[in-house]
Amino acid sequence: MKIKNKMIIAATDFSASAINAANYAADLAIAINADLLLFHVSPEPLVFGGVVTTNSPRGITIEAKDELKEQVQQIRKKIGSGKLKIVSELRMGSFSNELKAVCEKESPYAVVMGSQGTTATERFLFGSHAVHAVKHLLWPVITVPAGVNFSTIKKIAFACDFGSTEAVPMEEIKMLVKEFNCELHIINVGKEHGHHPMANLNADWLKEALDPIQPIYQFIDDINTDVAIMDFAETNQIDLLIVLPKRRGFFDRFVYTSTSEHLVLHCHVPVMALHQ
């Protein structure tokens with residue numbers, strides 16, 4: 001994955017959670033002097049027994065175009081004219097496939113999505129899209145909790161287990177810290193003396209690699225990793241939490257809930273997923 005230009009993609013389904021995330025994306029784009037692409041995918045019409053059971057493709061497209069236009073206008077009204085280049089794109093098909101395709105086309109700085117809707121339907125539908133994007137999209141993904149607004153980024157936290165540092169995207173993390181001139185906190189959660197055998201060696205290597213940006217290391221003695229990370233982020237007023245999603249095998253998906261998935265759905269701080 002290589003970032004081609006400074007563009008933020010805001011994926012929207014026009015729910016309250018998605019609109020809030022798009023506003024966050026707009027303010028983030030202004031802060032880093034990036035463009036904004038407002039992106040929506042309409043599902044293909046359902047066909048049963050040769051009969052279309054939902055709206056026609058043309059009807060769906062017209063309605064979605066109108067809603068996209070309205071959301072662009074609302075963002076421009078909120079931020080003021082001339083401050084941000086905003087474009088929109090509408091596609092029809094599978095959300096995950098089309099989002100991947102537009103990322104391959106644009107090579108964005110980041111994809112921004114809502115993570116926690118205010119209604120049960122929003123939490124189920126857009127929450128599942130956010131989790132899938134975090135796990136599988138190779139571009140940076142920022143998931144924004146409902147009601148969270150962007151002001152600035154003064155503190156970034158990076159959750160790291162020190163088990164393996166080969167996958168740590170050093171350059172991306174350094175770029176973020178320099179971009180916002182902010183503090184970096186590296187969080188390691190686990191029981192004392194219960195770390196991976198290579199943990200100490202990897203921690204030393206990580207400290208040397210990140211020394212130019214002078215991170216602050218936080219070691220938390222707790223067996224509940226997810227809760228400990230969320231508590232730290234909220235208590236210390238972290239503006240952005242970085243996670244490295246781990247890909248699991250097919251059978252693991254039925255019995256394993258990842259830390260990154262739990263944080264996306266429950267953390268009250270924006271979560272950024274980075275991949276190697």
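Ala10 stands opposite Leu38 in strand E2. Helices (H or I, at least four residues) and strands (E, at least two) are DSSP runs, numbered from the N terminus. The chain crosses from E1 through helix H1 (residues 16-32) to E2, and this β-α-β crossover is right-handed. Right-handed here means that, with the strands pointing away from the viewer, the path from the first strand over the helix to the second runs clockwise. The model is a predicted one, in which local features need pLDDT of at least 70, side-chain atom pairs count only at pLDDT 80 or more, and totals for chains, interfaces and linings use all residues. Residues are numbered from 1 along each chain as its sequence is written, and side-chain values use heavy atoms, with hydrogens and water left out.

E1 (residues 7-11) pairs with E2 in the parallel sense over 5 bridges. Two strands count as paired if DSSP finds at least two bridges between them. E2 also pairs with strand E5 (residues 86-92), again in the parallel sense, over 7 bridges. Within this pairing, Val41 has Arg91 of E5 as its bridge partner.

E2 spans residues 35-42. Of its 8 residues, 7 are buried, so the strand is largely enclosed by the rest of the structure. Buried means under 20% relative accessible area (1.4 Å probe, protein chains only). Across the chain, buried residues make up 49% of the 276 residues.

The secondary structure comes to 8 helices and 12 strands. Among contacts (heavy atoms within 4.5 Å) with a separation of 6 or more, 83% join residues 24 or more positions apart.

Key: Buried < 20%, exposed > 50% of the residue type's maximum accessible area, 1.4 Å probe, protein only.
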